[in-house]
Amino acid sequence: MDFVIGGLAGAGATIFTNPMDVVKTRLQLQGELRARNEHAARYRGIFHALYVIAKTDGALALQKGLAPAMVLGFCMNSVRLGMYHIAEVQGWTKTKEGDISIHRTMFWSSASGVMSGLAANPASVLKTRMQAAAHPSIAVGRQHSYNGMVDGVVKIYRIEGIRGFFAGVNATCSRLAIGSAAQLTTFSTVKDLLLAHGYWEHAPATLAFTASLACGVVCVLLETPLDVVNTRLYNQGPASKGELLYKGVFDCLSKIYKKEGLHGLYKGIGPLYLRIAPHTTLSLVIWDMLNILFNNKNK
């Protein structure tokens, strides 16, 4: 039940945050391995991207890749939040005195992040490629033509085999280990600090909401460079489509920094924050509320 609750929280939040994910993907692929003065920007920021995508491909294009995104949200959060909740309930994140242990919390949140990355990577690859697909006039990055989620799964398997579903998995696990450690450790620590100071003891929704706001800021600062790497590795596709741009995580980080500078590693930080902040808030608040309901029911 812990895993189901976590999965439902993630899938539900995805419906609201997917448009920002589409914008983030396009901004991160724009000007790939080119300096800022070597290409014309098709998307000049978050709101311009929203407008251009809706105008060119229709408003529904802002929900491209929603099906695999919801599968991703369910798989990732069911494993990550479910595994972490079990660690919390068993007391593995606390000291012998019952206080929150930062080191233990970071270990279990990182471990749950890595496991969720492995479980959700196939959906991440498919989601990214579907979100990047656009009309030629606004297309960025390599284009993959899939007629829906099932067609995408079939084509990736036929052309790339099982390996294709795990493109960028090293970057995924690294990003989620860092992101989960930051998110869940910050969430638990801030919640405990607020409770210790007497804030919102009888308002669990407000308590969870406030703690989750702090998570979004910490996560986006730490995650963005690896998120850019993820997007590039997911989208580059098989070598048969042309020369592979990146050989791995470190090669990708190095090439982006050399060609695009520090700016390149933080492409899409705006929409990433606008996706992570509400997604983190919705996921953690829903997760906290479902756990409270489930625990109350079993008392």
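Contact here means heavy atoms within 4.5 Å. The views show a predicted model, in which local features need pLDDT of at least 70 and side-chain atom pairs count only at pLDDT 80 or more, whereas totals for chains, interfaces and linings use all residues. Residues are numbered from 1 along each chain as its sequence is written, and side-chain values use heavy atoms, with hydrogens and water left out.

**View 1. Asparagine 18 in helix H1.** Asparagine 18 belongs to helix H1, residues 2-29 (helices are DSSP runs, H or I, of at least four residues, numbered from the N terminus). Asparagine 18 is buried, at a relative accessible area of 1% (buried means under 20%, with a 1.4 Å probe and protein chains only). Setting aside neighbours within four places in sequence, asparagine 18 is in contact with Leu62, Gln63, Lys64, Gly65, Leu66, Ala69 and Gln131.

**View 2. Leucine 50 and the nonpolar cores.** The largest nonpolar core has 17 residues, and those with the most contacts inside it are Val23, Tyr43, Leu50, Ile53 and Ile138 (a nonpolar core is a set of buried Ala, Val, Leu, Ile, Met, Phe, Trp, Tyr and Cys residues joined through side-chain atoms within 4.5 Å). The elements giving two or more residues to this core are H1 and helix H2 (46-57). Beyond neighbours within four places in sequence, leucine 50 is in contact with Met20, Val23 and Leu62. Another core, of 11 residues, lies apart from the largest one and includes Leu33, Leu226, Ile256 and Leu265.

**View 3. Helices H6 and H7.** Helix H6 (residues 169-196) and helix H7 (residues 204-235) pack at an angle of about 170°, with their axes 8 Å apart (axes are lines fitted to C-alpha atoms over the stretch in contact, and angles run from 0 to 180 degrees between N-to-C directions). H6 and H7 are therefore roughly antiparallel to each other, a term for angles over 145 degrees.

Technical notes:
Buried means under 20% relative accessible area, exposed over 50%, partly exposed in between (1.4 Å probe, protein chains only). Angles under 35 degrees count as roughly parallel, over 145 as roughly antiparallel, 65 to 115 as roughly perpendicular and the rest as oblique.
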